[in-house]
There are 2 protein chains.
Amino acid sequence: MIDPVRIEADYLIETVLPLENAAEIMAGEQSSGTFRQVPGETPELKDRAGARVEHIQELSAHSEPSLPGAAQKAGGPYRTAHVTLSWPLDNLGPSLPNLIATVAGNLFELKPFSGIRLLDVRLPSAFAQAYPGPKFGLEGTRRLSGVHERPIIGTIIKPSVGLDPEDTAALVTRLCEGGIDFIKDDELQADGPYCPFEERVHRVMAAVDACADRTGKKTMVAFNLTGEIDEMRRRHDLVLSAGGTCVMASLTAVGMSGMIALARHSELPIHAHRCGWGALTRAPMLGWDYPAWSKLWRLAGSDHMHVNGIDNKFTESNQSVIASARSLADPMFADAAMTAVPVFSSGQTVHQAAATLQAAGSPDLIVTAGGGIVAHPQGVAAGVEAMRAAYDAASNGISITEHARTHPALATAIKAF
Amino acid sequence: MIDPVRIEADYLIETVLPLENAAEIMAGEQSSGTFRQVPGETPELKDRAGARVEHIQELSAHSEPSLPGAAQKAGGPYRTAHVTLSWPLDNLGPSLPNLIATVAGNLFELKPFSGIRLLDVRLPSAFAQAYPGPKFGLEGTRRLSGVHERPIIGTIIKPSVGLDPEDTAALVTRLCEGGIDFIKDDELQADGPYCPFEERVHRVMAAVDACADRTGKKTMVAFNLTGEIDEMRRRHDLVLSAGGTCVMASLTAVGMSGMIALARHSELPIHAHRCGWGALTRAPMLGWDYPAWSKLWRLAGSDHMHVNGIDNKFTESNQSVIASARSLADPMFADAAMTAVPVFSSGQTVHQAAATLQAAGSPDLIVTAGGGIVAHPQGVAAGVEAMRAAYDAASNGISITEHARTHPALATAIKAF
């Protein structure tokens, strides 16, 4: 890929206006224009600072508007199109927060649009110089977890919230003894008085280390440090000094400036949770597509990014999950790919192993099953064993049913889930 | 109001499931439950950490699902309802970022829901102790701007982006000479090389001070410092040392942890821009209502909050704008109201003065007109004069047409806009 000179963003729009007209309004409102001509907007200024419509591709039309409040016309047609706008980098400089205000700001509310959705962004290389990107990514995660050439099998502490540090550590011991590669806090687990962060880290890391001493395998644990900036830095330092190898933060909860501060400070892989993302994406003609959104967080420094799961318990289609996972491997800059590790999660069990591997297109993924491991009828260790067996089978092109003949924990899981 | 003991959140939901069933799934997923029973979720743990369904009020039903991906049933009915959930404070402690992950996290994607929207939140008083809230609010803003007992009349630097610091300062001089109360950067104006923040602040403040020396009136200028945490703190200090009286940040661009860091540091009123908010709210059965969203940002420390404008250039109805503006006056806690000043903006001209005053229900508001002032045919100073005259008329219950007989700048504005 060649880094563009200008900032570029692709949108899906829906409008009753002529497409060229609508696109020009977008470009104007997101740069030097406003709802009426102002004296200072000279041709020279517009040439210097104006956004440009680079491309319009008409798609299908709807007879009804997808969203309320827009300019209307009885019966439509409400034309849809892909539109690419571009901005001079100098309007804002290589600043991620200001990029959001420019490519995903007021435009979602512009009157001409009964649908408007940001699909993708392409950024000049100045952004690659300005931000760290994932400091660990796949390679660093494999190194720290000791898992090579196969998917990283993970789980989520369940119940999500309500266990105290001692119970959490006891569960972690059982998971580690089962051979789990990766464990994450649930995004609901914060730093409440019943399960304080500091005590949780100390007890959990003691459990991880004790198991590592016995087995030689040190499980990676992503501790949820979501919070204020100073809290996150302090918690990161605590995890690091306790010998931990991963931290987790919820992107929509922390926000962009907070994530950048964490990432600049971090000496550990950042497991980026996307809870809240549904509000930005679930209306098909509004908000964000995952490639645009995840690129900004990759640039900010997310090493692992959630992409939902195949046959998940949520509302997203498998097609969308696959597209999201694969988009994380799209290189962002000519000299800095800034790829993140896809995390498949939500309603995961042994049944989705083959499809998940196929979705990712490689074994370079993390899969986390909460209930799908912890609720195994023969216990947590059997849950881990079954999940690993399912992915071993899938990696070798063997059906889980066949593999289950020699792997009783997998046989039980197939029936139970 | 009495502060609740538990965290409470109100939702609008749409589902084909029995309402009680759907609400219990929400409560479970956002606390101790997951898609299947896990061994550790004992009755005692559930009692301690589980979210509770406090209230369900059935509303109308739809025959088609509002959002894709949800559990379906041919012909529906897709029932809608108001649901109130509550959580023990101890699950997360009084933490705003973790509150977001809890009340507005994964639930937007839960399968049972073809519509799910967060309407309002009520928080235990521990949150009032944990966060500053608006440090200046109305009183501090009136004190620093010297505007009492009437609306604060403001404008936005236009063109939004593309002016250099010198041109910006020249425009500010004309605005101040016209008697403007308040000026804000556009949210697109950041710290690019053509208009660097530092030079902009120095030149603009020199213009403001020079005018104040002549007239005795010091205009409040909200400098957009949106950026990384350290940048925002540094820029805030620069504005403060240059004698500035306000800073502006874009909430969705900075995010919650960044805004908290800025607010804890700030010794100036924070003008909170909501660009990007449309993506969270414009689909009627998804995302956030303004009262829920704005309360979190008030608690974080936003002094001024944008509410769009009456007859705005965007897609929001006047009814929604009015409800938003009024919600900012709802006290958040028994001992700490944490009210923010509503900012009416977007396509504002002299024509909306009376309706805006009525919408706010008091003169305690900021109104910002960009094109509606800067594009006045007789120039910027006449634009300010007309806008002030329009609000004077409205405040005294006089029609702008009548008032225009003795105010020629207003007469021109009435025709021009």
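Q: Is the crossing of α14(B) and α16(B) left-handed or right-handed?
A: In this predicted model, helix α14 (residues 353–360) of chain B packs on helix α16 (residues 380–395) of chain B, with the two axes 8 Å apart. The angle between them is about 55 degrees, and α14(B) and α16(B) are therefore oblique to each other. The sense in which α14(B) and α16(B) cross is right-handed.

Q: How many of the residues in the contact of α14(B) with α16(B) are nonpolar?
A: On the side of α14(B), the contact is made by B:Ala353, B:Ala354, B:Thr356 and B:Leu357, and on the side of α16(B) by B:Ala390, B:Tyr391, B:Ala394 and B:Ser395. No charged residue takes part in this contact of α14(B) with α16(B), and 2 of its residues are polar. The number of nonpolar residues in the contact of α14(B) with α16(B) is 6.

Q: Are α3(B) and α12(B) roughly parallel or roughly antiparallel?
A: Helix α3 (residues 96–103) of chain B packs against helix α12 (residues 290–300) of chain B at an angle of about 165 degrees, and their axes lie 11 Å apart. Because angles over 145 degrees count as roughly antiparallel, the arrangement of α3(B) relative to α12(B) is roughly antiparallel.

Q: Which residues of α12(B) make the contact with α3(B)?
A: The crossing of α3(B) and α12(B) is right-handed, and α3(B) contributes B:Leu96, B:Leu99 and B:Ile100 to the contact. The residues of this contact between α3(B) and α12(B) comprise 6 nonpolar, with no polar and no charged ones. Those supplied by α12(B) are B:Leu296, B:Leu299 and B:Ala300.

Q: What kind of axis relates chain B to chain A?
A: Chain B is superposed on chain A by a rotation of 180 degrees with 0.0 Å of shift along the axis, at an RMSD of 0.0 Å. That relation is the one given by a two-fold axis.

Q: Which residue of chain B has the C-alpha nearest the axis?
A: The axis in question is that of the 180 degrees rotation which superposes chain B on chain A. In chain B, the C-alpha nearest to this axis is 1.8 Å from it and belongs to B:Gly255.

Q: How much area do chain B and chain A bury between them?
A: The contact draws 100 residues from chain B and 100 residues from chain A, and 100% of the contact residues of chain B recur in chain A, with the same surface serving both copies. In chain B, B:Glu109, B:Arg282 and B:Phe314 lose the most area to chain A, together 11% of what that side buries. Of the area buried between chain B and chain A, 58% is on carbon and sulfur atoms, and the total is about 7600 Å².

Q: Which residue does a cis peptide bond join to B:Gly76?
A: The partner of B:Gly76 is joined to it with omega at about 0 degrees. B:Pro77 lies in the loop between β2 (52–62) and β3 (78–87) of chain B, and the residue joined to B:Gly76 by the cis peptide bond is B:Pro77.

Definitions and conventions:
Residues numbered from 1 in each chain as written. Chains lettered and ligands numbered in written order. Predicted model: local features only at pLDDT ≥ 70, side-chain atom pairs only at ≥ 80, totals over all residues. Heavy atoms only, no water. Least-squares fit on C-alpha atoms with pLDDT ≥ 70 in both. Contact = heavy atoms within 4.5 Å. Axes fitted to C-alpha atoms, helices over the stretch in contact; angles between N-to-C directions. Helix = DSSP H or I, 4+ residues; strand = E, 2+ residues; numbered from the N terminus. Parallel < 35°, antiparallel > 145°, perpendicular 65-115°, else oblique. Left-handed = near helix turned anticlockwise from the far one by under 90°. Nonpolar A, V, L, I, M, F, W, Y, C, P; charged D, E, K, R; others polar. Buried area = accessible area lost by both parts, 1.4 Å probe.
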